[in-house]
Every structure is written in structure tokens, then in C-alpha cells.
Amino acid sequence: MSAPQLLNLVGHTPLVYVDAPLPHPHGGFWAKVECAAPGGMKARAAVTMLAGARRRGELRDGAPVVESTSGTLGIGLAFAGHAFGHPVVLVVDRELEPSMRALLRAYGARLEVVDRPHPTGGWQQARRDRLTELLATLPGAYWPDQYHNPDNVAGYASLGDEIAAQVDAVDVLVCSVGTGGHSAGLARALRRSWPHLRLIGVDTVGSRIFGQPARPRLMRGLGSSIHPDNVDYPAFDEVHWVGPAEAVDTCRRLARTGFVTGGWSTGAVARVAAWASRTRPDARVVTVFPDGPHRYLDSIFDDGWCARHGLLDSGHGHPVEIPHPGAVEVTRWSRCRTVTDPVADRGRVPA
């Protein structure tokens with residue numbers, strides 16, 4: 001049974017001004033608070049991907065939707081599945097928080113839980129392998145393939161339109177990067193109004209998206225062990241890799257001093273947006289807080305968990321500079337003003 005009235009709940013989220021020290025004083029930035037919508041930020045992409053597949057005949061009425069997720073897209077797909085009348089099967093891994101598993105099941109999603117990481121591709125590849133097996137057993141099932149689906153990018157045009165209506169101008173846009181969808185879609189939409197907008201990508205230490213080696217990662221929701229086709233490398237002016245200590249410290253500071261906070265991606269982009277505001281005091285800086293704090297109460301906001309992972313210090317207050325993504329393996333907050341496509345540049349030696 002479909003519920004098309006749910007589509008009216010996508011987007012329309014507030015833009016808040018953030019001037020809390022993160023960790024240093026700064027001139028302030030604007031943050032689009034996507035957790036304020038019932039399906040979260042990824043509902044935008046999920047709705048667009050399923051609508052596109054239905055329009056092209058790739059997704060038949062009532063057919064199941066199968067996807068791999070670390071959590072947030074799962075909420076969006078559960079939302080879109082309700083709206084369009086499709087059962088949703090989500091491949092997750094044992095590291096997904098119990099609260100998020102419970103919530104996804106409450107929304108009616110069937111969960112397939114992977115219990116061990118792939119030897120080289122980590123949890124992400126292990127989930128994708130299980131997804132391939134599932135597709136062979138579910139006739140007519142549709143796989144959105146969020147990392148390579150251009151409808152993922154298109155889903156964030158509405159986010160750009162909303163921001164453009166809420167601010168006078170955007171000089172610097174700070175975006176977390178996972179599938180590459182929201183950074184590509186949002187930057188394209190906003191550059192129609194402000195073509196000289198500067199785009200800063202925010203990745204996590206241990207992610208290979210921008211040419212670093214893949215390593216086990218605490219931070220979920222941003223970063224990747226694969227190279228998504230949706231990452232628009234030429235659109236970026238620079239990239240930052242943020243570590244978990246910086247993200248934890250930022251999330252907690254946001255909660256104490258600004259009330260509006262979130263998880264790993266929110267902490268990472270807020271840290272970099274505050275830095276951008278501090279180093280470019282005349283710039284109007286905008287970012288997106290993709291999710292809220294609730295799924296992180298047993299991790300980011302739990303003293304015991306953070307102590308066990310060595311995350312109770314404030315991390316680093318500024319990034320170190322590296323000349324090229326392949327120059328050194330980063331282990332802390334780092335910045336690089338050379339952004340290249342690591343697949344296209346494979347085999348080339350940096351100058």
C-alpha cells in the first residue's frame with residue numbers, strides 16, 4: 001500500500017546560524033538542519049531514485065527495493081518505500097547501532113546483517129557482496145546503487161533551491177562526501193546562482209574517496225572504501241580529512257552551546273565550516289547537517305565508549321597541509337588544495 005501524501009514531508013528544513021566555538025571562535029556559518037525532516041536528508045535522494053526507476057520501468061509496482069547502507073540512507077529508503085508502496089530490504093553490518101536497527105525494523109524494513117568485513121574492502125564490500133546474493137533470490141527486485149546512480153545527485157537539487165531561497169549569498173559550501181550525491185547535486189544547484197562558490201569536501205581519515213588508502217574507520221556516514229561514480233571531483237576546490245576525535249569534540253560542543261547537533265558527518269562538516277569562517281572572515285559559509293544526535297547516544301555522546309576509543313580529547317584545532325592526496329597517509333585532520341580523481345589518475349606520479 002502506497003502513501004503518496006508522505007512526499008509532502010520531504011525537505012523544507014530550517015537553516016540555522018552557528019557561532020559556537022568549534023573549538024576556536026569564528027565568524028559564524030549557516031547550517032541546513034536536515035534531521036528536521038521525517039525522512040532525513042537521504043529521503044531526498046531515495047525518493048528521486050525510486051521515482052526515476054518507476055518512471056523508466058525498472059521498478060515495478062510492489063517490487064522490493066534492496067540496498068546496502070550504514071544507516072542514514074536506510075531511513076530514506078524506508079520512507080520512500082512507504083510513499084511508493086515498495087517493501088525495502090537493507091543490507092547492514094554488525095557495527096550498525098542497535099537503536100538504528102530497531103528503528104529501521106520499526107519502519108518495516110527487512111534487515112540482512114553481515115557479520116564479518118571483507119578482507120580488503122571492509123564492511124562496505126561485504127555488504128555489497130551480500131546484496132549481490134540477495135538480488136539473485138528476489139525476482140524483480142530493484143537496486144538503487146546509490147554510489148553510481150545519477151538520480152542520487154539529482155535528488156539534492158531541491159536542497160539547493162531551498163538554501164538559495166534562505167540566504168542572500170553563498171561564498172563557501174562545505175559538504176561531507178560519502179556517495180558523492182549531495183555534494184555534487186548541491187554544488188551544481190547553488191552555482192547556478194553563485195558560479196564562483198568555493199566547494200570544500202569533507203572526508204574521513206581512512207577513506208579512499210580522494211586518493212588515500214582505505215583503512216578501518218570509526219566514522220560512518222561519510223567516507224568510502226570504494227570510488228563512487230557520483231563524486232564530482234572537478235567541482236571541489238579542496239578536501240579535508242577529519243578524524244573521529246575532532247568530530248566527537250565538535251558534536252559535543254554543538255550540543256552544549258548551540259543545541260543543534262548530530263553525528264559523525266555533522267561534527268566533521270561543522271569543524272571545517274568553523275575553520276572556513278575563521279580563515280575567511282568575510283565569506284558567507286554554508287554547510288549541511290545530515291542527521292541528528294539520537295543514533296549516537298551510545299557512541300559519540302557516551303563517555304565510556306569515547307574513552308575506550310581514545311576520543312575524549314578535543315582533537316586538533318586546525319588542519320595540517322599536504323601538497324597532494326598521495327603525498328602522505330593522513331592520520332589526523334588534514335587539508336589538501338589539490339583534488340584529483342584517484343581512478344583517472346591511477347598510475348600517474350604527482351609532480
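User: By class, how many nonpolar, polar and charged residues are in the lining of the largest pocket?
Analyst: The lining of the largest pocket has 18 nonpolar, 23 polar and nine charged residues. Ala, Val, Leu, Ile, Met, Phe, Trp, Tyr, Cys and Pro count as nonpolar, Asp, Glu, Lys and Arg as charged, and the others, Gly among them, as polar. This is a predicted model, where local features need pLDDT of at least 70 and side-chain atom pairs count only at pLDDT 80 or more, while totals for chains, interfaces and linings use all residues. Residues are numbered from 1 along each chain as its sequence is written, and side-chain values use heavy atoms, with hydrogens and water left out.

User: What volume does the largest pocket have?
Analyst: Its volume is about 960 Å³. Of the 50 residues that line the largest pocket, the closest to its centre are Ser70, Arg217, Met219, Arg220 and Gly221. A pocket here is an open set of points on a 1 Å grid over the protein atoms alone, where a 1.4 Å probe fits, with protein on both sides within 12 Å along at least five of seven lines; lining residues have an atom within 4 Å of a point. Grid points are joined across faces, edges and corners, and a volume is the space filled by probe spheres set on the points.

User: Which helix gives the most to the lining of the largest pocket?
Analyst: H4 does, with four residues. Helices H2, H4 (122-137), H7 (181-191) and H9 (264-279) each supply at least two residues of that lining. Helices (H or I, at least four residues) and strands (E, at least two) are DSSP runs, numbered from the N terminus.

User: And the second largest pocket, what is its volume?
Analyst: About 460 Å³. It is lined by 22 residues, and the closest to its centre are Cys35, Leu103, Asp291, Gly292 and His294. H2 and H3 are the elements that give two or more residues to this lining. H3 has the largest share, three residues.

User: Staying with H3, which of its residues are buried?
Analyst: In helix H3 (residues 98-106) they are Met100, Arg101 and Leu104. These cover an arc of only 105 degrees around the axis, which puts them on the same side of H3. The arc is that of the directions from the helix axis to the C-beta atoms. Buried means under 20% relative accessible area, exposed over 50%, and partly exposed in between (1.4 Å probe, protein chains only).

User: What's on the other side of H3?
Analyst: Pro98 and Ala106, which are exposed there. The buried residues of H3 pack against helix H2 (72-84), strand E4 (88-93) and strand E5 (110-114). Contact means heavy atoms within 4.5 Å.

User: Back to H7. How many of its residues are buried?
Analyst: Nine of the 11 residues of H7 are buried, so it is largely enclosed by the rest of the structure. Among them are Gly181, His182 and Leu190. What covers the buried residues includes helix H5 (150-154), helix H6 (157-166), strand E6 (172-176), strand E7 (198-204) and E9.

User: New topic, the sheet. In what order do the strands run?
Analyst: Eight strands form an open sheet in the order E1-E2-E9-E6-E7-E8-E11-E10, and the pairing is mixed. Strand E1 (15-18) and strand E10 (320-321) are the edge strands, since each pairs on one side only. Two strands pair if DSSP finds at least two bridges between them.

User: What about the loops? Is Gln146 buried or exposed?
Analyst: Gln146 counts as buried, at 5% relative accessibility. It is in the loop between H4 and H5. Pro139 is in the loop between H4 and H5 too, but Pro139 counts as exposed at 76% relative accessibility.

User: Which residues does Gln146 touch?
Analyst: Not counting residues up to four places away in sequence, Gln146 touches Lys42, Met49, Glu67, Ser68, Leu73, Asn152, Thr179 and Asn230.

User: Last one: what is phi of Asp145 near?
Analyst: It is near 55 degrees, a positive value in a residue other than glycine. Most residues other than glycine have a negative phi. At 18% relative accessibility, Asp145 counts as buried.
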